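Here is a short tour of some side-chain pairings and a few other spots worth a look. Keep the model open beside the text as you read.

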Amino acid sequence: MNDAKNRTLTLKRTFDAPIKLVWKAWTHPEHVINWWGPKGMKIEVVEHDFRVGGTWKYVMPMPDGNEFISDGEYLEIVEFKKIITTANFKPMTEGVEIQALFEEDGDKTNFIFNVVHPTEEYCKQQEKMGFYNGWGSAFDRLETFVSILHNK
């Protein structure tokens, strides 16, 4: 197996919102629909069993009538610290692991998002396909969403 460091793409953010709020945005389906996916796209939560061994499935209807399907199984959950899950983003990406790591920083939340791929080659391919722009857009939406919740 290749070195995990060479198979991982990482995004880091600091959200101007308390960790409990950012965690809630990640773990409650009524919040996930507000930020998961690129700007302008709607998300339907088909399944969201937030527990170790539980599964999740989100569907994004595309303008051409096809569906972009995200799904996975929760492997590890440590409240306010980390969520580790398998993940598929069909038809583009399959067989990866997501590591969402949360760290409290006063009234802010430091966030690290790792996606571990099965091989270095697959990792490089996913990066070229727009990993940083795609997830960056979703996390821009998350930042806006938690900011609105925080200021209510």
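Aspartate 16 and lysine 108 join their side chains in a salt bridge (3.8 Å, N to O), a term for a side-chain nitrogen of Lys or Arg within 4 Å of a carboxyl oxygen of Asp or Glu. This pair links distant parts of the chain, 92 residues apart: aspartate 16 sits in the loop between S1 and H1, lysine 108 in strand S7 (residues 108-116). Aspartate 16 is partly exposed at 47% relative accessibility, and lysine 108 is partly exposed at 37%. Here buried means under 20% relative accessible area, exposed over 50%, and partly exposed in between (1.4 Å probe, protein chains only). Helices (H or I, at least four residues) and strands (E, at least two) are DSSP runs, numbered from the N terminus.

The model is predicted, so local features need pLDDT of at least 70 and side-chain atom pairs count only at pLDDT 80 or more, while totals for chains, interfaces and linings use all residues. Residues are numbered from 1 along each chain as its sequence is written, and side-chain values use heavy atoms, leaving out hydrogens and water.

The structure holds 6 salt bridges, including these:

| Pair | N to O distance |
|---|---|
| Aspartate 16 – lysine 108 | 3.8 Å |
| Aspartate 140 – arginine 13 | 2.8 Å |
| Arginine 13 – glutamate 143 | 3.5 Å |

Arg13, Asp140 and Glu143 form a network of salt bridges. Aspartate 140 is partly exposed, with a relative accessible area of 41%; for glutamate 143, also partly exposed, the value is 31%.

Now to helix H1 (residues 19-27), where 7 of the 9 residues are buried, among them Trp23 and Trp26.
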